[in-house]
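Keep the structure open as you read.

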Amino acid sequence: MRLFGKNSNVPQQDKLKGLAVSVTELIEQQRYVPYLSMSENMMTSDRAGDVKSVFKGRGMEFEEVRAYNFGDDIRDIDWRVTARKAEPYTKVFREEKDREIVVLLDLSASMVFGTKNELKSVTAAKLAALIGWMSIRNKDRFGLLMYDGKNTTYYKPQNNQKALMMMFKAIAEKSKRVLKENYEGNLASALKMFELSHKGQGTFFILSDFYGADDEVFKSIAALSKKHKIYCMKIFDILEDIAPDDGIYAAQNVSQKVVFNSAPEAFKGAYRQHFAQQRKFLQINCQKFLCKYFEIRTDSPIFKQLGHI
């Protein structure tokens with residue numbers, strides 16, 4: 001991350017690069033949509049395919065089984081019916097359009113952290129923009145729930161670029177504001193607001209580091225999962241996963257300051273275990289409530305983590 005002195009002649013927006021996201025950077029995420037719309041055999045993993053399938057355009061809803069025709073996708077063959085009828089039959093899906101895709105963008109205090117490339121809050125904002133562009137491209141309605149640890153702002157799902165630009169402006173302004181005013185909060189309050197405000201069904205992405213996520217948070221997620229497909233996307237900095245090089249370090253937030261020595265093997269082991277335990281907790285709860293779980297690092301391009309060029 002680059003730091004600049006008070007007398008630097010670097011433009012103001014460049015000074016904030018990596019610290020806050022600009023509307024321009026959010027608009028630029030549109031360029032990566034084609035990379036996530038390629039055929040499945042070009043995807044790097046099943047996880048990436050799961051995310052891409054939300055925006056495939058071909059519906060997820062099963063409609064009927066009919067005789068196989070030349071040119072049908074062999075992956076849709078219904079093998080049970082084929083075996084019973086002694087000739088190939090394929091599943092037919094009804095195309096889903098105008099679905100509702102909503103993103104919960106966590107910009108609370110723990111997200112205002114980063115050691116390489118950019119803060120977690122910036123990565124999350126870019127991912128929200130990418131999901132927004134993919135929704136518009138697929139003619140779905142895109143909505144936003146923005147949470148700063150204290151206040152929650154809800155933008156109802158819409159399918160037009162003007163509304164998307166309005167959301168981008170709000171995200172950019174909030175990402176700057178949280179550099180000075182940030183709050184430690186609990187996602188449960190934002191999730192509860194969404195549950196009360198949103199009456200339809202759709203797909204719900206939670207973009208957060210899930211710092212402090214507890215039973216109350218997953219109780220809200222469990223309630224939402226009854227009506228929505230939930231994607232929990234954990235945003236993390238590499239320093240949260242791997243201890244820093246041997247040395248004496250000082251870390252400080254608004255309320256406390258700690259000094260630690262990263263050299264002892266016992267420290268490194270406890271450091272790794274802390275992150276691993278949090279990951280396991282999230283994975284178990286996501287599996288329990290039928291949510292998809294993904295991890296996005298701040299030091300690697302988002303589209304490369306979701307798909308392959």
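Predicted model: local features only at pLDDT ≥ 70, side-chain atom pairs only at ≥ 80, totals over all residues.

Start at helix H10, residues 265–288. The helix has 24 residues. From its first C-alpha to its last it reaches 34 Å, close to the 34 Å expected at 1.5 Å a residue.

Now look at which side chains are hidden. The buried residues of H10 are Lys268, Phe275, Gln278, Leu282, Asn285 and Cys286. An α-helix has 3.6 residues a turn, so residues three or four places apart point the same way. What lies over the buried residues of H10? The cover includes two helices, H8 (215–225) and H9 (238–241). It also includes two strands, S7 (228–236) and S10 (292–297).

Follow the chain out of H10. Leu290 lies in the loop between H10 and S10. Its phi is near 60 degrees, a positive value in a residue other than glycine. Leu290 counts as exposed because its relative accessibility is 76%, and the cut-off is over 50%. Lys139 also has a positive phi, of about 65 degrees, and is not a glycine either. Lys139 sits in the loop between helix H5 (120–137) and strand S4 (141–147). At 54% relative accessibility, Lys139 is exposed too.

Turn to the aromatic rings. A pair of rings is described by the distance of the centres and the angle of the planes. The count comes to eleven aromatic pairs. One of them joins Tyr32 and Phe303, and it is stacked: 4.5 Å centre to centre, with 10 degrees between the planes. Tyr32 lies in the loop between helix H2 (23–28) and helix H3 (46–53), and Phe303 in helix H11 (residues 302–306), so this pair ties together parts that are 271 residues apart in sequence. Both Tyr32 and Phe303 are buried.

A second example is Phe205 with Tyr231. Their ring centres are 4.8 Å apart and their planes meet at 25 degrees, so the pair is stacked. This pair also links distant parts of the chain: Phe205 is in strand S6 (residues 202–208) and Tyr231 in strand S7, 26 residues apart. Phe205 is buried at 0% relative accessibility. Tyr231 is buried as well, with a relative accessible area of 6%.

Finally, look for a group of rings. Ring pairs link Tyr249, Phe260, Phe267 and Tyr271 into a cluster.

Notes. Residues numbered from 1 in each chain as written. Heavy atoms only, no water. Helix = DSSP H or I, 4+ residues; strand = E, 2+ residues; numbered from the N terminus. Expected span 1.5 Å × (residues − 1). Buried < 20%, exposed > 50% of the residue type's maximum accessible area, 1.4 Å probe, protein only. Contact = heavy atoms within 4.5 Å. Phe/Tyr/Trp six-rings, centres within 6.5 Å; stacked < 30°, edge-to-face > 60°.
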